[in-house]
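Hello,

Here is the structure I said I would pass on. Please have a look at it first; my notes on what turned up follow below.

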Amino acid sequence: MTNNQYQEVVKKAVRPKFRGNRPLPAKTTPQYPQSAEREYRRIAGAYMRLLNEELKKKLPAMMNEYKRERRGDSRLDDSRDLDTRIRQMLQEVSAALEKRIAQFGLDSKIQQIAKMTQNTSVREWKRAVKDTLGIDILDDYYSGELYEQAIQRWIAENVAYIKSLPTETLGNMRQIILDGYLNGRPIRDIQKDIQSEYGTSKRHAQLLARDQLATLNAQITKMQQTDAGCKKYRWSTSHDSRVRPCHAALNGKTFDWNDPPEMWYDTKAGRVYTGRKCHPGEDYCCRCVAIPVFDYDGVNIPMK
């Protein structure tokens, strides 16, 4: 059977649902993969705790170096010596963390999250097709090479993202100590700033988890819908207080997969358009989803 012949079989099966050739929005709204996001955030938090544990082991020694150098006579030379020794200690923190990462199993944990996200996306897509068109999708269709490549690429990128967090954090902490020394700040303030930097990095890791999880879900959703012949979708927010005004204004509107809407934000001076165009889930930390709009003439679903 050729692809055109197969498509005609699918169209015949779903024709009663369309009642003509009008576009047909899905009767159900795909659910955002909350459980996968929670797991990603848990893993990111656990990873950052490993960093904190290793940092605490070296912090007393770093503060002792800070005290010793503050008693020196030549501030410029002492600052260079301090920078060298702090760099060395932070490198030791990084090396110790690297060993613990191997035991932590970061790669396998990120793979598990990707699988959870894919499973949720496929389940929701099958539900939308069944409830709207009355047909069942082939069970293993979305485990093909195209989807596997996209998921493996996301896994590799996210492992790299998480592994890069300590490098940036430790670099910022080194600068806090050195700047504090050059400005004659007391140790208590330096320690507070270091803890503040760690807190900022931990929050960044949590936001990274949400952002990247949404990105993967958006990628899979677009691939599923466009592969099935859906040219358009209806924007749907998570309908809570965290929805940004721009996305709230898009809720319920229909867009073309080839022409995403432009993002904006409001200021006291008026509305500012960013020039960035996004589908649901593609904007930073976006939890919105795309409700498929089925097109009778283009419908091409892998039907059982």
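Predicted model: local features only at pLDDT ≥ 70, side-chain atom pairs only at ≥ 80, totals over all residues.

Two strands count as paired here if DSSP finds at least two bridges between them. S4 covers residues 262–267 and S5 covers residues 270–277; the two pair in the antiparallel sense, over 5 bridges. Within this pair, Glu-262 stands opposite Lys-277 of S5. The link from S4 to S5 is a hairpin of 2 residues.

The other strands to look at form an open sheet. There are 4 strands in it, ordered S1-S6-S2-S3, and the pairing is antiparallel. S1 (24–25) and S3 (254–256) are the edge strands, each with a single partner, so one side of each has no neighbour in the sheet. Further in, S2 (residues 232–236) and S6 (residues 289–294) are joined in the antiparallel sense by 5 bridges.

H6 lies across S2 and S6, and runs at about 0 degrees to S6.

Which helices does H6 pack against, and at what angles? One of them is H2 (residues 34–70): the axes of H2 and H6 come within 9 Å and cross at roughly 160 degrees. An angle over 145 degrees counts as roughly antiparallel, and therefore H2 and H6 are described that way. Their crossing is right-handed. The contact of H2 with H6 is made up of 15 nonpolar, 7 polar and 7 charged residues.

H4 (residues 106–133) also packs on H6 (residues 187–227), at an angle of about 40 degrees and with the axes 10 Å apart. H4 and H6 are therefore oblique to each other, and H4 passes H6 in a right-handed crossing. On the H4 side, the residues that meet H6 include Ile-113, Thr-117, Ser-121 and Trp-125; among their counterparts in H6 are Leu-213, Asn-217, Ile-220 and Gln-224. By class, this contact has 7 nonpolar, 7 polar and no charged residues. An α-helix has 3.6 residues a turn, so residues three or four places apart point the same way.

As for H4 itself, its 28 residues reach 40 Å from the first C-alpha to the last, close to the 40 Å expected at 1.5 Å a residue. After H4 comes Gly-134, with a positive phi near 75 degrees.

Happy viewing, and do write back with any thoughts.

Best wishes

Definitions and conventions: Residues numbered from 1 in each chain as written. Heavy atoms only, no water. Expected span 1.5 Å × (residues − 1). Axes fitted to C-alpha atoms, helices over the stretch in contact; angles between N-to-C directions. Parallel < 35°, antiparallel > 145°, perpendicular 65-115°, else oblique. Left-handed = near helix turned anticlockwise from the far one by under 90°. Contact = heavy atoms within 4.5 Å. Nonpolar A, V, L, I, M, F, W, Y, C, P; charged D, E, K, R; others polar.
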